Amino acid sequence: MMIRIFPYGAIQFTAFDKYKKLIKEELGIFGHVHNLLAGSMAGITAVLCTYPLDMVRARLAFQIKGEHKYTGIIHEFKTIYTKEGGFLGFYRGLMPTLVGMAPYAGFSFFTFNTLMSIGLDQAPNLFGKPSLDNPDVLVLKTHVNLLCGGLAGAIAQTISYPLDVTRRRMQLGAALPDADKCLTMVQTLKYVYQRHGIQRGLYRGLSLNYIRCVPSQAVAFTTYELLKQLFYLN
């Protein structure tokens, strides 16, 4: 997880700033819409660059004591490559991941930046403070940053969760007894819905995922905003 999250976070936040600037200058799209588009594109870019590591993480996490199919990261890479179609084996479940990541990352960045803009515009003295590197620029106070980041993560996760369930099932592949019914994104969605329904199927585990996702996004956005100040990027 740690090997994956470092390049994933770096690529996503860097790509978001680049895409946001590109959308403004080349397409002439302004307002909060460009945050939605830039966030979606940044999420897709980060996934494409780090997906094999996500696949390996999911398989290792699914193993239970006494039934280890893989002895470690290197062994799993070799096994997937030799037994599951070579390089393409590392991208099993990529399509639902990309389809799910577009709204997840898009709404995550969109919600955070919208809440930040509203807070600083409507109540700058209550929610804002001068940036450490540029006193002329207002930034959110740390606790407000955490709140906005957490809300952004919760909203984005709720919207994209069924596709996240689909992704995990396809990634696990042969490790599941019903793997033959989860070969494509549409097939997997239909199977989960028909077998388990919406609440116990497509949204199974959502409440537990909030416990992981909300603090994760809160800390990610807050750390990013703080580091921008420390590296004089405002």
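1. Let's start with Thr50, which is found in helix α2 (residues 33-62). Helices here are DSSP runs of H or I with at least four residues, strands are runs of E with at least two, and both are numbered from the N terminus. Thr50 counts as buried because its relative accessibility is 3%. Buried means under 20% relative accessible area, exposed means over 50%, and partly exposed is in between (1.4 Å probe, protein chains only).

2. A word on what you're looking at: this is a predicted model, where local features need pLDDT of at least 70, side-chain atom pairs count only at pLDDT 80 or more, and totals for chains, interfaces and linings use all residues. Residues are numbered from 1 along each chain as its sequence is written, and side-chain values use heavy atoms, with hydrogens and water left out.

3. Back to Thr50: what does its side chain reach at 2.8 Å? That would be the backbone oxygen of Ala46. If you leave aside neighbours within four places in sequence, Thr50 is in contact (heavy atoms within 4.5 Å) with Arg4, Pro7, Tyr8 and Ile11.

4. Gly43 is found in helix α2 too. Is Gly43 buried or exposed? With a relative accessibility of 0%, Gly43 counts as buried. Setting aside its neighbours within four places in sequence, you'll find Gly43 in contact with Gln12, Met101 and Ala105. Have a look at Phe16 as well: Gly43 and Phe16 are 27 residues apart in sequence, and their C-alpha atoms are 8.1 Å apart in space.

5. Now zoom out to the whole chain. The secondary structure comes to nine helices and two strands, and from the N terminus on the elements run α-α-α-α-α-β-β-α-α-α-α. Along its principal axes, the C-alpha trace spans about 60 × 40 × 35 Å.

6. How much of the chain is buried? Of its 234 residues, 44% count as buried. The chain exposes about 13,100 Å², and carbon and sulfur atoms supply 66% of that; accessible areas come from the Shrake-Rupley method with a 1.4 Å probe, and for residues only the protein chains shown count as cover. As for contacts with a separation of 6 or more, residues 24 or more positions apart account for 65% of them.

7. Next, a helix pair. Two packed helices are described by the angle between their axes and the distance between the axes. Helix α6 (residues 142-172) and helix α7 (residues 185-196) pack at about 105°, with axes 10 Å apart. Axes are lines fitted to C-alpha atoms, for helices over the stretch in contact, and angles run from 0 to 180 degrees between N-to-C directions. So α6 and α7 are roughly perpendicular to each other, a label for angles of 65 to 115 degrees (under 35 is roughly parallel, over 145 roughly antiparallel, the rest oblique).

8. Who makes that contact? On α6, look for Pro162, Leu163, Thr166, Arg169 and Met170; on α7, for Met185, Thr188, Leu189, Tyr191, Val192 and His196. These residues divide into seven nonpolar, three polar and one charged. Nonpolar covers Ala, Val, Leu, Ile, Met, Phe, Trp, Tyr, Cys and Pro; charged covers Asp, Glu, Lys and Arg; the others, Gly among them, are polar.

9. Finally, two exposed residues. Ser207 is found in helix α9 (residues 206-230) and counts as exposed at 56% relative accessibility. Tyr232 lies in the segment after α9 and counts as exposed at 64%. Although Tyr232 is not a glycine, it has a positive phi of about 55°.

Terms used: A polar contact is a pair of N or O atoms within 3.5 Å; within protein, one must be able to donate a hydrogen and the other to accept it, and residues adjacent in sequence count only if both atoms are side-chain atoms.
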